[in-house]
Amino acid sequence: MSYQNPPTTPRKSATFDDFTTSEIRRAAATGIYDIRGGGAKRKVPHFDDLLFLGASISRYPLEGYREKCETSVVLGARFARKPIELKIPITIAGMSFGSLSGQAKEALGRGATLAGTSTTTGDGGMTEEERGHSQTLVYQYLPSRYGMNPRDLRRADAIEIVIGQGAKPGGGGMLLGQKISDRVADMRTLPKGIDQRSACRHPDWTGPDDLEIKILELREITNWEKPIYVKVGGARPYYDTALAVKAGADVVVLDGMQGGTAATQEVFIENVGMPTLACIRPAVQALQDLGMHRKVQLVISGGIRSGADVAKALALGADAVSIGTAALIAIGDNDPRWEADYNALGTTAGAYDDWHEGKDPAGITTQDPELSQRLDPVAAGRRLANYLKVMTLETQTIARACGKNHVHNLEPEDLCALTIEASAMAQVPLAGTSWIPGKGGF
Amino acid sequence: MPVIDLAVTPLRELNQALHDLTSGSNDTHFEVINPRGHHAVAVGVDQPVTVDVKGSVGYYCAGMNEQATITIHGSAGPGVAENMMSGTVVVKGDASQYAGATGRGGLLVIEGNASSRCGISMKGIDIVVHGNIGHMSAFMAQAGNLVVLGDAGEALGDSLYEARIFVRGAVKSLGADCIEKEMRPAHLEILAGLLDKAGVADVRPEEFKRYGSARKLYNFHIDNADAY
């Protein structure tokens, strides 16, 4: 009987893990960088790393279901003659017709309207479906200016000047040929089937001084009626917020790296921009330094999933939050009911992110007429409304437990952090201590 | 004819008066004096009114114009007639950067020179420049016609889509995917019509060269990466 040395267990490299090696093989085979939809998938410090303290002897809570806890928010009161008032502090983020089907845009409008909040257009212009089904519609003003026209500006309820988004601060958009249907091509004045590139920079202004003049022009065109938002990706939140305020924004929308995109390079999504959690306090600090906190509203987006996330963002100083990915999941994106179809595409429910290919089994991120038919906009709108209402109830539950009669009364003092990283980013004490890294000299 | 003196009247009143015009309104001709480089003069007009601006303007004059005929008797700052939908805008002097940016229709005539990025992302507008244009003009231009009687700067028509470019003088360099194309009778006809509309009488369409997209960058391919 021969002796064999005991073998070691096969061990894979932590550096060259399965995903990394598969990406190297994919790049070598195709010669094209990987493009996908969604936001950062890597684990980053997030709202899960914060906890609420709740009330006890030193402060008293409000009775759940009995004592009122308000949730309304007014956006745009700084300069706009017609600010918008939302029943809940959760809005639907900008997503384009083109990246999404007409049915999906309609569902978002229906759901937002049922829940008393706003939805937002995207790159590619305003569709009749979303205008018709959205009580409050924010019209994005993007570098590409696809479909931009003064009629839609006038019939919008607010204008959002998009400078960046969290998934790709500094990057433009991309809509691959598979999704440029006749209708999408017509709205964007482009030939059908080409890869449509959206510029990363506005064509007729650069820098904060120009932005101030651009905002003046948009206000003059719309007779100073519409709130003007400025949306930035989470990169330098203190300075970007300060410059947006200086340029005359009514609202600053700040999108962290977990915020999704219809399609961009994987390397961009995972390696450019900051986590949402790290963006909020510097932005709030900028507003406070300028004496504009609560006068210019701050809307936070990027990875908001529940009422707990909403409450934490508000407690850190935001006026409202915006959801994109979560809203798509609510209307049916990545639903396990389509598992066989996801498998056929080489993926699984929950991981599908090749939205640019236009083959979405759920009929949401596609222009394919047959797939689009899978989404019933009325039922999907109802699901979104349900989800928004649950998030609102959850936010109120936490706010009442902290003794607040308006969700905006939540404050950093209500929070503690589970990790040193989250403590440093959110600038709330590490749980069980009074320590915030970087504060008090150490 | 209303005369609005921007030395004493706020810009807001001028634009509101223009926006308050309705179809069949009695006021069909406005004169704006002392514009003194004001930004956003006569923006968002959507009636077939005539506006004469007596002097030079700042950014975005005649922005998003629909139907109106707006003449600037001076020079224009950045973004003149940006995103114009229809109507006519004439600049008697020179125009700064981004003239006619993203314009979707109508006619923009610049009787002097235009700076860089003239016609950037144009989406159907016609632009006629009597003088020269600066670098990166017609960048990512999607549709419409850019006519230049003088010379064009570097990287003309970079990454352009279906817009047509006609240049009578020299082109310093062409941008990625922009090539010289054959001038066919149909193009000469389009050009003759544009020159006529722009009031250019002493120039023949045959004196121009035509430039357009090679359409090689319409769908991404790694072997074209050097072009980006």
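In chain B of this predicted model, 24% of the contacts with a separation of 6 or more are accounted for by residues 24 or more positions apart. Of the 228 residues of chain B, 55% count as buried. The C-alpha trace of chain B spans about 60 × 40 × 30 Å along its principal axes, and the radius of gyration of chain B is 18 Å, which agrees with the value near 17 Å that a compact globule of 228 residues would have.

Chain B contains two helices and eleven strands, and these elements follow one another from the N terminus in the order β-α-β-β-β-β-β-β-β-β-β-α-β.

| Helix | Residue range | Residues in the contact |
|---|---|---|
| α10(A) | residues 307–315 | Gly307(A), Ala308(A), Val310(A) and Ala311(A) |
| α14(A) | residues 377–401 | Met391(A), Thr392(A), Leu393(A), Glu394(A), Thr395(A), Thr397(A), Ile398(A) and Ala399(A) |

By class, the contact of α10(A) with α14(A) is made up of seven nonpolar, four polar and one charged residues.

The axes of helix α10 of chain A and helix α14 of chain A come within 7 Å and cross at roughly 55°. Because angles of 65 to 115 degrees count as roughly perpendicular and those under 35 degrees as roughly parallel, α10(A) and α14(A) are therefore oblique to each other. The crossing in which α10(A) passes α14(A) is right-handed.

Technical notes: Residues are numbered from 1 along each chain as its sequence is written. Chains are lettered from A and ligands numbered from 1 in the order in which they are written. This is a predicted model: local features need pLDDT of at least 70, side-chain atom pairs count only at pLDDT 80 or more; totals for chains, interfaces and linings use all residues. Helices (H or I, at least four residues) and strands (E, at least two) are DSSP runs, numbered from the N terminus. The radius of gyration is taken over C-alpha atoms; the globule rule is 2.2 Å times the number of residues to the power 0.38. A residue is buried if 20 or more other C-beta atoms lie within 10 Å of its own, exposed if 12 or fewer, and partly exposed in between; C-beta atoms are placed from the backbone. Two residues are in contact if their C-beta atoms, placed from the backbone, lie within 7 Å. Axes are lines fitted to C-alpha atoms, for helices over the stretch in contact, and angles run from 0 to 180 degrees between N-to-C directions. Angles under 35 degrees count as roughly parallel, over 145 as roughly antiparallel, 65 to 115 as roughly perpendicular and the rest as oblique. A crossing is left-handed if the near helix is turned anticlockwise from the far one by less than a right angle, and right-handed if clockwise. Ala, Val, Leu, Ile, Met, Phe, Trp, Tyr, Cys and Pro count as nonpolar, Asp, Glu, Lys and Arg as charged, and the others, Gly among them, as polar.
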